[in-house]
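Colleague: I have some questions about how the labels on this model were assigned. Can you take me through them?

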Amino acid sequence: KSIAHCEKKIANFEEEIEEFEKLMADPDFYKNDAESKDMFFKHGQVKTKLDAKMKEWEDLSEELDLLGE
């Protein structure tokens, strides 16, 4: 996998998280308990994916740095 691929996925995950957080900032969001719980769960899943992709990006960056030395 490439750094560019990781960066694209990271940007996508960050956009998804931003959308979730916009929805969760609306007080009306919490009127539907089942929907809000589902959204919190999905938000957590995307954050986990983002963290993993960030780690992958860091590993690839370090690898590239080592190759450049």
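Modeller: Of the contacts in the protein chain with a separation of 6 or more, 67% are between residues 24 or more positions apart. Keep in mind that this is a predicted model.

Colleague: What counts as a contact there?

Modeller: Heavy atoms within 4.5 Å.

Colleague: Which secondary structure elements does the protein chain have?

Modeller: Two helices and zero strands.

Colleague: How do you know how the radius of gyration of the protein chain stands against that of a compact globule?

Modeller: A compact globule of 69 residues would come out near 11 Å, but the protein chain has 16 Å. The C-alpha trace spans about 55 × 15 × 15 Å along its principal axes.

Colleague: Why is His43 called buried?

Modeller: The cut-off for buried is under 20% relative accessible area. His43 has 11%, so His43 is buried. His43 is found in helix H2, residues 33-68.

Colleague: Which residues does His43 touch, leaving aside those up to four places away in sequence?

Modeller: Ile17, Phe20, Glu21 and Met24.

Colleague: What makes the pairing of His43 with Glu21 a polar contact?

Modeller: The limit for a pair of N or O atoms is 3.5 Å. The side chains of His43 and Glu21 make their polar contact at 3.1 Å.

Colleague: Why is Glu56 called partly exposed?

Modeller: Partly exposed runs between the two cut-offs, under 20% for buried and over 50% for exposed. Glu56 has a relative accessible area of 22%, so Glu56 is partly exposed. Glu56 also lies in helix H2.

Colleague: What joins the side chains of Glu56 and Lys53?

Modeller: A polar contact of 3.0 Å. That value sits within the 3.5 Å limit.

Colleague: How many residues apart along the chain are Glu56 and Ile10, and what separates their C-alpha atoms?

Modeller: They are 46 residues apart along the chain, and their C-alpha atoms are separated by 10 Å.

Colleague: Why is Leu66 called exposed?

Modeller: Exposed means over 50%. Leu66 has a relative accessible area of 59%, so Leu66 is exposed. Leu66 is found in helix H2.

Colleague: What share of the 69 residues is buried?

Modeller: Buried residues make up 22% of the protein chain. The accessible surface comes to about 5,300 Å², and 55% of that belongs to carbon and sulfur atoms.

Terms used. Residues are numbered from 1 along each chain as its sequence is written. This is a predicted model: local features need pLDDT of at least 70, side-chain atom pairs count only at pLDDT 80 or more; totals for chains, interfaces and linings use all residues. Side-chain values use heavy atoms; hydrogens and water are left out. Helices (H or I, at least four residues) and strands (E, at least two) are DSSP runs, numbered from the N terminus. The radius of gyration is taken over C-alpha atoms; the globule rule is 2.2 Å times the number of residues to the power 0.38. Buried means under 20% relative accessible area, exposed over 50%, partly exposed in between (1.4 Å probe, protein chains only). Accessible areas come from the Shrake-Rupley method with a 1.4 Å probe; for residues, only the protein chains shown count as cover. A polar contact is a pair of N or O atoms within 3.5 Å; within protein, one must be able to donate a hydrogen and the other to accept it, and residues adjacent in sequence count only if both atoms are side-chain atoms.
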